[in-house]
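Please have the sequence and the 3D view open as you read.

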Amino acid sequence: MKTFKIGGVHPNDSKISKDCAIEDFPVLEKAYLSMAQHLGAPAEPIVQKGDKVKVGQLIAKPSGFVSANIHSSVSGTVAAVEPYADLAGNPVMHVIIDVEGDEWEESIDRTPDIVREIKLSKEEIIKKIQECGIVGLGGASFPTHIKLTPPPGKVAEYLLINGAECEPFLTSDYRLMLEQPEQVLIGAKIMMKALDVTKCRFGVEENKPEAIAKLKTYAAQYPEIEIVPLKKKYPQGGEKQLIEALTGRRVPSMGLPIDAGAVVQNCGTALAVYEAVQKNKPLFEGIVTVTGNCSEQQRNFRLRAGTPIINLLDAIGRIPKDAAKVISGGPMMGKAVSNLLAATVKSSSAILMLTEEETKRKPESNCIRCGKCIDACPMGLEPYLLVRYSRNGMYDELEENKIYDCIECGCCLFSCPAYIPLLDHIRASKAEVMKIMRSRPKK
Amino acid sequence: MRKLIVSPSPHIHSVENTQRIMRDVIIALCPSLLVSIYFFGFSAIKLALVGVASCVAVEYVIQKYILKTQVTINDYTAALTGLLLALNLPPSSPGWMILIGSIVAIGVAKMTFGGLGQNIFNPALVGRVFLLVSFPVLMTDWSVPASWFREGVDAATGATPLALIKEGLSNGLTIEQIMAANPEISYVHMLFTKIGGSVGEVSALALILGFVYLLVRRVIKPTIPLSIIGTIFVVSGIFWLANPAQFTDPIFNILTGGVLLGAIFMATDYVTSPMSTTGQIIFGVGIGLLTVLIRYFGAYPEGVSFAILIMNMVVPLLNKYCKPARFGKEVKNGK
């Protein structure tokens, strides 16, 4: 079975919410829509206090090249356009809406019918995706229309769909592939048309046999899409790792996926693209797994963006007593939440609760030079060495040893028997090295 | 509102930790220890106990009273050094000798370099070699002490097979003649229990059992042991084919002396072995080559300890020049 070649780790699967069907999460009294729901510049609000909005109405416009539209996830009256604390407690501009009813824009096709025929042209598809504010739902939230427009001189050969879901606990992509397989495949077809590629590979890890079987059944109608089972290994869903697993090619150091002739999109993004292009529905909701070993209830919700995390946790019966850490995303790369009042965004994938025992780091002890961090690093780096250089501020040596290649997957820290905070050090020095590299005059 | 833990990712950790790894190595040494207790009785128990207790005590005293730092004896590394030292000594070694070995192993080879993870040389081997050059008579006295468990010793010979060969060759005999004069040197004896030697090397099978355990628990990778054993096999094989009267055969070379104990438990010490696979292969090949050369042409009948210590010195260099294969070697410019 296919997988990437260097490094990787095998954390416990913990997919305890895998059998929970997707449920619609109720719309609450207030929605808090962040203007920073994507990678890049925050969007500019175009509504004011007192404005009436409908579900799916455009409320903010991009403010830069890398930026995206934001649409309202609820209907009602704009209560305020003001800074509101995000996951980390930092103030970010939000549009806060008092909810009244659930009135959708008439242009959105809300019927369950599957629209198979792709009528729009290549250019129209990309324009539609841009209008609907689609961003990558695999974690980085990069605006999708930019990814579907390769820079001049670069040609895409493969569209790769990421259904690996290699993070423990997360099951939102799994439920999606199981419950809406055909829509996901049509979404992939649409993106193939936008990219002008004839080859599409859809990677799913072997721990999801039901999803693989289901996708294979439907893929019979779409012969150009190949469903590829992958060996279970983290970080399979990392862009560079997935490209290697599915095509055998390696993205060069400092390069982009397009340098290997590939464009990678998450399966959730494929569904969002389907809904935008075929159903005229902007991206304002998504599947969110609410889970944790300490939680009595495990759920997969279809959740509108702008729902405060605290309300989401209340709905499953309040935070469990022994939950010590709340994470937005998975346990390997997700962000710890310090402000439970913060609202979800359109790319939220999970709210995970871990107990102190599951998450607390043990005190750091001496490096025993076991080399487990080297064996774990999927980029072929030497984390122990990078940390030694970091501790001494040796930035030239860090650059020579390719610290900029680090994808911050966390495999090194996960496997360190001495509990050395490898990634913490590497992350900080990587930012510093990148700053130094950018400040150099270009050749 | 209640307090939440907020820290950067990753938020989970593997079950592994230093203590668990060291405990696994100690467990892997148990088969060999049990076999030697069966053959050497109380003296094996005494050596193991004195070795472990004295190494732990030396580390405790140095950390608590001299360095005044945190005491880390509960990571089991000192205990492991003590056990390895004991298994590398002749069964008749007196208790005071292993005590001196422990002081040198922990005090000199480990703590002066900065403690765990900082030492260049394998502490247990430094202890052993220090004793070997300081007390050459005691360290090559392979007489078998009386055992609680067995009457009438028929188990081990008075000298190690390697020493018998070395002595015979220097008296002008051929390998064939030496073997004929010493029928107890047989592969069956080496595999199971009946060869003379250090406490830990009486049974090759027990050592291999420990090796399998370490592999299953993913404590070590087979790279270093296999490259050492492979090199010894090939190099001694070449000599043996060229002149079987003067040189011992490859299987004999692998099963005797400290090869298995050294290759499985001493050369794989994390701290004193290279980190990358390429480095580990060069390290193993170097140990194998030096072992055979010392055995065939050196003054000592046995060469594993010296070979490992010599290669320990090369480790920083190997770590510097043997980098793991990077992902995507070609660097894209202009970005």
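## A parallel pair in chain A

In chain A, strand 9 (residues 158-163) pairs with strand 10 (residues 199-205) in the parallel sense, over six bridges. Pairing requires that DSSP finds at least two bridges between two strands. Helices (H or I, at least four residues) and strands (E, at least two) are DSSP runs, numbered from the N terminus. Within this pair, Y158(A) stands opposite K199(A) of strand 10 of chain A.

A word on the source: this is a predicted model, in which local features need pLDDT of at least 70 and side-chain atom pairs count only at pLDDT 80 or more, while totals for chains, interfaces and linings use all residues. Residues are numbered from 1 along each chain as its sequence is written, and chains are lettered from A and ligands numbered from 1 in the order in which they are written.

## The sheet and its helices

The pair belongs to an open sheet of four strands in chain A, with the order 11-10-9-12 and parallel pairing. Strand 11 and strand 12 of chain A are the edges; each has a single partner strand, so one side of each has no neighbour in the sheet. On average, neighbouring strands of this sheet are turned by 25° against each other, direction ignored.

Helix 4 (residues 181-195) of chain A lies across strands 9, 10, 11 and 12 of chain A and runs at about 150° to strand 9. Helix 7 (residues 267-279) of chain A lies across strand 9 and strand 12, at about 85° to strand 12. For these angles, axes are lines fitted to C-alpha atoms, for helices over the stretch in contact, and angles run from 0 to 180 degrees between N-to-C directions. Contact between two residues means that their C-beta atoms, placed from the backbone, lie within 7 Å.

## Chain A as a whole

Chain A holds 14 helices and 17 strands. Its C-alpha trace spans about 65 × 50 × 50 Å along the principal axes. The radius of gyration of chain A is 22 Å, which agrees with the value near 22 Å for a compact globule of 443 residues; it is taken over C-alpha atoms, and the globule rule is 2.2 Å times the number of residues to the power 0.38.

Of the 443 residues in chain A, 54% are buried. Buried means 20 or more other C-beta atoms within 10 Å of the residue's own, exposed means 12 or fewer, and partly exposed lies in between, with C-beta atoms placed from the backbone. Among the contacts in chain A with a separation of 6 or more, 74% join residues 24 or more positions apart.

## Backbone details

Most residues other than glycine have a negative phi, and most peptide bonds are trans. S14(A), not a glycine, has a positive phi of about 55°; S14(A) is in the segment before strand 1 (22-24) of chain A and is buried, with 20 other C-beta atoms within 10 Å. M254(A) has a phi near 70°, is partly exposed with 17 C-beta neighbours inside 10 Å, and is found in the loop between helix 6 and strand 12 (262-266) of chain A.

A cis peptide bond joins Y234(A) and P235(A), with omega about -5°. P235(A) is in the loop between strand 11 (225-230) and helix 6 (239-247) of chain A.

## Where the chains meet

The contact takes 55 residues from chain A and 36 residues from chain B. On the side of chain A that touches chain B, the largest share, four residues, comes from strand 15 of chain A.
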